[in-house]
Amino acid sequence: MAAPVRIRDDNNNRKVNMSDTVLLPQEGFLPGIPCLFSCDDPVYEALVFTTRFRYCNLHMRALGLRGWGGSTLTTEWTIREVLNWTRGYFEDAGIVQPRLEAEILLAHALDVDRLHLYLAPDKPLTHDERTRYRGVVKQRHSGTPLQYVIGEVSFYGLRFRVDRKTLIPRAETEELLDQVIKRAPRDRDIRCLDLGTGTGVIAVCMARYLPKAHVTAVDISPAAIEMAQGNAALNGVEDRIEFVESDWFSRVEGDFDFIASNPPYIRTSELPGLPKEVRDHEPVIALDGGADGLAKIRMIASQLRSHLRADGKILMEIGHDQGEGVREILMSVGLADICIEQDMAGKDRFAVGRCPS
Ligand SMILES: C[S@@+](CC[C@H](N)C(=O)[O-])C[C@H]1O[C@@H](n2cnc3c(N)ncnc32)[C@H](O)[C@@H]1O
């Protein structure tokens, strides 16, 4: 390589040498930053490799003169390079699975599945692709949950859209679905109710996996109802679910064989201590269970006897320390065969009760 080759750091208006370590402004510290640098010699381009948070080393590589005439650098970033870069960037920000999240975000920005990234690691990103990727990386780095950034989540083998107006469905709720599906008959018509449907995961999965279920999905939030309706269509079950905007049972008619609910059950005093990603981004109405966390469960329980058929069952997700409290509530409204089931972590997580005949 001919020396000396000088690179201008256009942002700070100074010259830097190959292999200098430079501090980049926060704004520029994203894939695509080479536009911050220009090179005096048109046969070289600068490749920017990030090594530490906000620092990078500049490396030079010969370009040849083919068709390259400008002095502004147009460094190409390959899939492999941006993934390696983002992993470090996310790692420094404390993101727990930096490489996985980088892959998910890049696949989202390129509108491909993750496998594609492994099949074409040396493919350079276009300017538009880099711009899209930069946007989602920025959002994630600033603390927006991954699911809100990409706008979707996988749940019980199905895809669901999600946004800030709806809770991000959790793995525990997949286990609640297990509890419903293992108890529900598949060979006869049943009526099922999902109270507090959010993205609609429980209602949509009941409709998809219980072929004879007629499902009603309820939420007090119009935005949640709209999202749940969209997700029902996305999964081909919109004809099997009736959506009702309602304060719990207030506008619900009839009785049901199965009522499933993941109600808000966090104590109000615990909300400020939730992880920042939850506290700052997820809707409070989906989380706040009142002073002792059981307020919404009491409201639901108070009307169960009017809406459960004889032998009909309620299955609810609850907090890990609420088993005894919920058992008492369900007993007080006259349910039978009450049991508290554990999640995969061995913690109390689900309450089940039967309406006596
Ligand atoms: C914990 S989220 C559950 C969302 C979804 N079922 C899930 O499991 O991911 C609780 C849901 O209850 C809804 N909700 C809160 N208060 C309600 C009320 N008074 N009546 C009906 N739904 C309510 C919230 O809007 C939210 O969508």
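Tutor: α1 and α2 cross in a right-handed sense. Right-handed means the near helix is turned clockwise from the far one by less than a right angle, left-handed anticlockwise. Helices (H or I, at least four residues) and strands (E, at least two) are DSSP runs, numbered from the N terminus. This is a predicted model, so local features need pLDDT of at least 70 and side-chain atom pairs count only at pLDDT 80 or more, while totals for chains, interfaces and linings use all residues. Numbering starts from 1 along each chain as its sequence is written.

Student: At what angle do the axes of α1 and α2 cross?

Tutor: Roughly 130°, and the axes of α1 (residues 79-92) and α2 come within 8 Å. Axes are lines fitted to C-alpha atoms, for helices over the stretch in contact, and angles run from 0 to 180 degrees between N-to-C directions. α1 and α2 are therefore oblique to each other. For the cut-offs: under 35 degrees is roughly parallel, over 145 roughly antiparallel, 65 to 115 roughly perpendicular, and the rest oblique.

Student: Which residues make that contact?

Tutor: From α1, Ile79, Val82, Leu83, Thr86, Arg87, Phe90 and Glu91. From α2, Pro98, Arg99, Glu101, Ala102, Glu103 and Leu106. Contact means C-beta atoms, placed from the backbone, within 7 Å. By class, the α1 contact with α2 has 7 nonpolar, 1 polar and 5 charged residues. Nonpolar is Ala, Val, Leu, Ile, Met, Phe, Trp, Tyr, Cys and Pro; charged is Asp, Glu, Lys and Arg; the others, Gly among them, are polar.

Student: Is Glu101 buried or exposed?

Tutor: Buried, because Glu101 has 21 C-beta neighbours inside 10 Å. The scale: 20 or more other C-beta atoms within 10 Å is buried, 12 or fewer exposed, in between partly exposed, with C-beta atoms placed from the backbone. Glu101 sits in α2 (residues 98-110).

Student: And what is Glu101 in contact with, leaving aside neighbours within four places in sequence?

Tutor: Phe90, Ile95, Arg140 and Leu146. As for Thr86, it is 15 residues from Glu101 in sequence and 9.0 Å away, C-alpha to C-alpha.

Student: How do α2 and α4 pack?

Tutor: At about 140°, with the axes of α2 and α4 (residues 127-141) 9 Å apart. That makes α2 oblique to α4. Their crossing is right-handed. On the α2 side are Glu101, Leu105, Leu106, His108, Ala109 and Leu110. They meet Glu129, Arg132, Tyr133, Val136, Val137 and Arg140 of α4. The class count is 7 nonpolar, 1 polar and 4 charged residues.

Student: Move on to α6 and α7. How far apart are their axes?

Tutor: 11 Å, at an angle of about 40°; α6 is residues 171-183 and α7 is residues 201-209. The two are therefore oblique to each other. This crossing is right-handed. Thr173, Leu177, Val180 and Ile181 of α6 touch Val201, Ile202, Cys205, Met206 and Tyr209 of α7. By class that is 8 nonpolar, 1 polar and no charged residues.

Student: Backbone next. What is the phi of Trp248?

Tutor: About 45°, positive, although Trp248 is not a glycine. Most residues other than glycine have a negative phi. Trp248 lies in the loop between β11 and β12 (256-261). Trp248 is partly exposed, because 19 other C-beta atoms lie within 10 Å. Asp311 also has a positive phi, about 70°, and is not a glycine. Asp311 is in β13 (residues 308-317). Asp311 counts as exposed, with 12 C-beta neighbours inside 10 Å.

Student: Where is Glu242?

Tutor: In β11 (residues 241-245). Glu242 is partly exposed, with 14 C-beta neighbours inside 10 Å. Glu242 and Val215 are 27 residues apart in sequence and 6.3 Å apart, C-alpha to C-alpha.

Student: Last one. How many helices and strands does the chain have?

Tutor: 12 helices and 15 strands. Of the 357 residues, 35% are buried. Among chain contacts with a separation of 6 or more, 65% join residues 24 or more positions apart.

Technical notes
Two residues are in contact if their C-beta atoms, placed from the backbone, lie within 7 Å.
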